[in-house]
Amino acid sequence: MSQTVETAEPGAEEQPEPVRRGSARRRVAVLAGVVVAGAAVVAAAAVPGSDAGIEATGLSAVRAYENLDRTHIQGDVTYPHSPPVGGLHDPKWLECGVYSAQVREENVVHDLEHGTVLITYEPGLDDDGIATLAALLPDNGILSPWPEQGAPVKVTVWGRQLDLTGPEDPRLPLFIEAFGHGETAPEPFASCAGGLDDPDGTGDRYGDGSVQA
């Protein structure tokens with residue numbers, strides 16, 4: 001099955017009307033209005049999870065996806081994005097933490113529904129780079145390699161995704177500050193704690209048939 005989503009690009013900020021000549025009183029009033037408007041833009045940019053003011057925070061490249069299906073299903077799903085940003089998913093989610101192998105898509109999408117931050121990187125990243133990403137990973141977060149994802153590093157929450165140039169990209173902590181508290185998730189306070197602790201979502205952590213849930 002596949003889930004199709006629509007992309008909504010962040011809009012450009014409205015520009016204030018040009019100030020025209022007039023009386024001294026009118027100029028003072030216009031100046032006050034500009035100051036108030038500017039303060040409003042700064043406030044919007046400072047509100048975590050607010051799409052307003054994203055341009056000012058350096059997050060204009062964040063892609064937004066709305067109306068994602070939350071249905072729990074058994075079996076595999078073909079997602080239109082890599083990593084997925086939401087949609088149909090497995091009833092079981094994965095435990096928070098750092099994984100050395102790619103996590104199963106259907107399980108990690110359930111984590112995204114819980115407000116989890118997913119940071120992924122292309123295989124081949126050196127140990128220092130992985131350590132840098134791990135240090136930035138929130139408690140409610142999952143770090144995983146992800147082959148052929150189209151960018152050196154990606155950060156994803158439910159319905160939002162950003163391509164990054166690498167572990168040192170300064171937009172990574174900005175994204176986590178703006179969207180890393182579950183703002184876009186349907187179940188923001190569920191967390192990834194208590195999930196399956198193996199990357200393939202079977203619960204068979206030791207490969208001997210034992211289930212670790």
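**Terms and basis**

A residue is called buried when its relative accessible area is under 20%, exposed when over 50%, and partly exposed in between (1.4 Å probe, protein chains only). Helices (H or I, at least four residues) and strands (E, at least two) are DSSP runs, numbered from the N terminus.

The model is predicted: local features need pLDDT of at least 70 and side-chain atom pairs count only at pLDDT 80 or more, while totals for chains, interfaces and linings use all residues. Residues are numbered from 1 along each chain as its sequence is written, and side-chain values use heavy atoms, with hydrogens and water left out.

**Helix 5**

Helix 5 spans residues 171-179, and its buried residues include R171, L172, F175, I176, A178 and F179. These residues lie on the same side of helix 5, because they cover an arc of only 170° around the axis (taken from the directions from the helix axis to the C-beta atoms).

In strand 4 (residues 117-121), five of five residues are buried. V117, I119 and Y121 point one way, and L118 and T120 the other.

Strands pair if DSSP finds at least two bridges between them. Strand 4 runs parallel to strand 5 (residues 141-145), joined by five bridges; V117 is opposite G141 and L118 is opposite I142. With strand 6 (residues 153-157), strand 4 is antiparallel, with four bridges, and Y121 has V153 as its bridge partner.

**Strand 5**

Strand 5 is largely enclosed by the rest of the structure, because five of its five residues are buried. G141, L143 and P145 lie on one side, I142 and S144 on the other. Strand 3 (residues 97-98) pairs with strand 5 in the parallel sense over two bridges, and G97 is opposite I142.
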